[in-house]
Amino acid sequence: MITQTLIDASDLNAWSNRNDSSTFLPQLLRTLILGTVKNVISVSFRAGEGVAIGGWDGRLDVENGDAFVPTGKSVWELGTGKDVKGKADDDYEKRKSDTLDFVPAETKYVFVTTRRWGGKEEWIRSRQAEGFWKEVRAYDADDLATWLETVPHVHVWLSIVLGKHPEAAVDLSHVWSD
């Protein structure tokens, strides 16, 4: 069975310790979003060296979202560090004091980490209760693993990138280079 050799939440959590996780995570999210949502109006997730530019880690506007992507305008902050709550709190407060021209009452705020986060639900509830953003969401390694399961080609691609090679699976970039 191929799914046994695909990455899971534990692999994503371990990937967080690699230097490339913070610069590659935006590309993963961009790929997941474009692989699951139709009618994307605008999408911006700077990856690689682009993460050093500053501003929102991701900006998105979609006509119809899904279980992972909110409908309408959303702004995204990403983290791979060990202090997940600290990073989430710091990013949230920073963006609350400077929304970078987004109207909070019309915008949904999303925080994503490649780590497992035991306090995620409480963090969401407390931030949502503030009523600053239209909606507040947070995703951790387990949520990302679930999202990957809905987009098999992205799941295989990331598994290969992270060093797992599912039996009989080859991503398109390897076929093209061969």
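Here is the tour, starting with the whole chain and then zooming in.

Before you click, note that this is a predicted model, where local features need pLDDT of at least 70, side-chain atom pairs count only at pLDDT 80 or more, and totals for chains, interfaces and linings use all residues. Residues are numbered from 1 along each chain as its sequence is written, and side-chain values use heavy atoms, with hydrogens and water left out.

**Stop 1: the whole chain**

Follow the protein chain along its sequence and the order is α-α-β-β-β-α-β-α-β-α-α-α. The protein chain's radius of gyration is 16 Å, close to the 16 Å that the globule rule gives for 178 residues, so it is as compact as a globular protein of that length. (That radius is taken over C-alpha atoms, and the rule is 2.2 Å times the number of residues to the power 0.38.) Along the principal axes, the C-alpha atoms fill a box of roughly 50 × 35 × 30 Å.

How much of the protein chain is buried? Buried residues make up 46% of the 178; buried means under 20% relative accessible area, exposed over 50%, and partly exposed in between (1.4 Å probe, protein chains only).

**Stop 2: helix α2**

Select residues 21-36, which form helix α2. This helix has 16 residues and reaches 22 Å from its first C-alpha to its last, close to the 22 Å expected at 1.5 Å a residue. (The expected span is 1.5 Å times one less than the number of residues.) Now colour its buried residues: S21, F24, L25, P26, L28, L29, L32 and I33. A handy rule while you look: an α-helix has 3.6 residues a turn, so residues three or four places apart point the same way.

**Stop 3: R95**

Jump to R95, in helix α3 (residues 84-97). Is R95 buried or exposed? It counts as buried, because its relative accessibility is 6%. Leaving aside neighbours within four places in sequence, R95 is in contact (heavy atoms within 4.5 Å) with G55, W56, E77, L100, Y109 and W133.

**Stop 4: P152**

Finish at P152, in helix α6 (residues 152-161). P152 counts as exposed, because its relative accessibility is 54%. Select G35 too: P152 and G35 are 117 residues apart in sequence and 9.6 Å apart in space, C-alpha to C-alpha.

Terms used
Helices (H or I, at least four residues) and strands (E, at least two) are DSSP runs, numbered from the N terminus.
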